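Please keep the sequence and the structure in view while reading.

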Amino acid sequence: SIDQKGFAPGIKSEEPLIAYVGRVKKYKRLDHLLEAFRVVKRSIPEARLIIAGRGDCADLERSVKNLQMKDWVSLMGEVSQEDKRGILQKAWVFVAPSMKEGWGISVIEANACGTPAVAYDVAGLRDSVRNDETGLLVPEADVVKLADTIIKVLSDSELRQRLSQNALKWADSFNWD
């Protein structure tokens, strides 16, 4: 299973935590995640967002500053494998707003930590996220629906628990061979 890389369930954060861990590139549409997070904050004021990964963070840093969200959004840049695992273990939901993916290995890593995913219904992500089983798929580029879906996962503990249990089983069916 994916556990060969050390991904396993951990202790969830006390406050609702949304995470994105992966490359920071334009096509990942992290601007959509920031816009959705603004909406999430109105419904769930205690929510936090972590974005971690290698790439161009300058635009994101500007957006976080312009949107006055630096108290709630942590831009961590590139992190170690251990820190990545810690983020995925603490997160309540993993969000993948990409326009495309080859597969979505970060989704499976999140799943291996018991963290369900919310993702756009695009090539690659629709393969790694089993809709309404290991996570929830959202119509592509629909930021309002993305926000609503994140809110749904954060606020419905039964849904989150069901998705989490299924995500663990799904991730366990993969290995590096």
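Which kind of link do the side chains of K84 and E109 form? They meet in a salt bridge, with 2.7 Å from N to O. The model is predicted, and a search of the whole structure finds 10 salt bridges.

**Helix α4 and its surroundings**
- Helix α4 spans residues 105–112 and is mostly covered, with 7 of its 8 residues buried.
- Among the buried residues of α4 are S106, V107, I108 and E109.
- The buried residues of α4 pack against several elements, including β1 (17–21), α3 (81–90) and α7 (157–172).
- Just after α4, G114 adopts a positive phi of about 80°.

**The pair E140 and R29**
- E140 forms a salt bridge with R29, and their closest N and O atoms are 3.2 Å apart.
- This pair links distant parts of the chain, 111 residues apart: E140 is in the loop between β6 and α6, and R29 is in the loop between β1 and α1.
- E140 is partly exposed at 44% relative accessible area, whereas R29 counts as buried at 8%.

**The pair R62 and D59**
- R62 forms a salt bridge with D59, the closest N and O atoms being 2.3 Å apart.
- Both residues lie in helix α2, 3 residues apart, which is about one turn of the helix.
- In general, an α-helix has 3.6 residues a turn, so residues three or four places apart point the same way.
- R62 is partly exposed at 47% relative accessible area, and D59 is partly exposed at 28%.

Methods. Residues numbered from 1 in each chain as written. Predicted model: local features only at pLDDT ≥ 70, side-chain atom pairs only at ≥ 80, totals over all residues. Heavy atoms only, no water. Buried < 20%, exposed > 50% of the residue type's maximum accessible area, 1.4 Å probe, protein only. Helix = DSSP H or I, 4+ residues; strand = E, 2+ residues; numbered from the N terminus. Contact = heavy atoms within 4.5 Å. Salt bridge = Lys/Arg side-chain N within 4 Å of Asp/Glu carboxyl O.
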